[in-house]
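Please have a look at the sequence and the model first.

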Amino acid sequence: MGPGHAIIKRIPPFPAVGMRLIQALDDDSADIGGIVGMIQSDVGISAEIIRLSNSAAAAAKHRITTVRQGVLTLGINHIRRIAMAATVSSYVAPIARNRPLLNAWKHSVATAQLSAMLASAVKRDAEKAYTSALLSDIGLVGLMLMYPAQYSILLSSATSIRCLLDSERTISGLSHCEAGEQLAGQWSFPDDIRQVVAYHHHPPAEATEPAAIAHWAGRLASALGYPLGAIVEDLAGVATLVPPQLRTLLPEDISELAPALDQAVGDAVSSLVPC
Ligand SMILES: [Fe+2]
């Protein structure tokens, strides 16, 4: 057993409500009532969903006061995304006051938004793509929880993915992809999420594979103002590299996506730290 394996065992468990929401993605029999029940089993997440539902449904005539009303107003998929983001936010909360670590979480939220769009372009399940991408850096979050000071410095200084992954192995014995793959196994995440967690920085050649979708969404998120650490991406450069089949639903001027990303990221982090 290497040092990395021992660290994985000490990383805090993923919230139970998040585990159930993930399992429901693969459960065709999961109905709205069941999903509402799952969310309501966590009082903190329920309160956050009601708050965010009111923010997202600003034009609604009546205030949303229950999770069920949120579903009726915004739709089950929107509520599911809010619930997953609120769940991972609660997991990130202990380190959210550390700015580089908070920015890494913003990168994940922006990546999830874009992954859903890219997945729709190639007829993949947008909700699975959203959740997979939101969790793609869960290994990074886990390692950050164990080594907040070292990761704060690392995220502020690493200017390439290779540098980031190599430095992570120096700190903890594992890259965040390797740590995430182990955590995903330990927490029994579905295979497609595990693939995204393990390979989002080394994607398969087939552009429609979930890990490839998350990869390109992550690079676009970085170029649109939500970088992973100090790894800068140029929007014009990334735009030319995105595989054509994934570009179908993107606007000609990709920077037009920035306001929607800002809204999604702002909502997801609004409960964590004062602006
Ligand atoms: Fe990553």
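Gly 44 is found in helix α4, which covers residues 43-56; helices here are DSSP runs of H or I with at least four residues, strands are runs of E with at least two, and both are numbered from the N terminus. This is a predicted model, in which local features need a pLDDT of at least 70 and side-chain atom pairs count only at pLDDT 80 or more, while totals for chains, interfaces and linings use all residues. Residues are numbered from 1 along each chain as its sequence is written.

Gly 44 counts as partly exposed because it has 14 C-beta neighbours inside 10 Å; on this scale a residue is buried with 20 or more other C-beta atoms within 10 Å of its own, exposed with 12 or fewer, and partly exposed in between, with the C-beta atoms placed from the backbone. Between the C-alpha atoms of Gly 44 and Asn 77, which are 33 residues apart in sequence, the distance is 20 Å.

Helix α4 also holds Ile 50, which is partly exposed because 19 other C-beta atoms lie within 10 Å. Which residues does Ile 50 contact, leaving aside its neighbours within four places in sequence? They are Ile 64, Thr 65, Thr 66, Val 67 and Gly 70, where contact means that the C-beta atoms of two residues, placed from the backbone, lie within 7 Å.

Before going further, a word on confidence: pLDDT is the predictor's confidence in each residue, from 0 to 100. The protein averages a pLDDT of 90, and 96% of the residues score at least 70. Among the elements, helix α1 (residues 3-10) has the lowest mean, at 80, and helix α14 (residues 210-223) has the highest, at 97.

Let me turn to helix packing. Two packed helices are described by the angle between their axes and the distance between the axes. The axes of α7 and α8 come within 7 Å and cross at roughly 155°; axes are lines fitted to C-alpha atoms, for helices over the stretch in contact, and angles run from 0 to 180 degrees between N-to-C directions. The two helices α7 and α8 are therefore roughly antiparallel, given that angles under 35 degrees count as roughly parallel, over 145 as roughly antiparallel, 65 to 115 as roughly perpendicular and the rest as oblique. The residues in the contact of α7 with α8 divide into nine nonpolar, five polar and no charged; Ala, Val, Leu, Ile, Met, Phe, Trp, Tyr, Cys and Pro count as nonpolar, Asp, Glu, Lys and Arg as charged, and the others, Gly among them, as polar.

In the loop between α7 and α8 (126-134) we find Lys 123, whose phi is near 60°, a positive value in a residue other than glycine. Lys 123 counts as exposed, because it has 9 C-beta neighbours inside 10 Å.

How does α7 meet helix α10, residues 148-157? The two pack at an angle of about 70°, with their axes 8 Å apart, which makes α7 roughly perpendicular to α10. Pro 100, Leu 101 and Ala 104 in α7 meet Pro 148, Tyr 151, Ser 152, Leu 155 and Ser 156 in α10, and by class this contact has six nonpolar, two polar and no charged residues.

Finally, helix α13 (residues 191-199) packs against α14 at an angle of about 45°, with the axes 8 Å apart, which makes α13 oblique to α14. Asp 192, Gln 195, Val 196 and Tyr 199 of α13 make the contact with Pro 210, Ala 211 and Ala 214 of α14. Within α13, the residues Ile 193, Arg 194, Gln 195, Val 196, Val 197 and Ala 198 are buried, and what covers the buried residues of α13 includes α2 (16-25), α8, α9 (138-146), α12 and α14.
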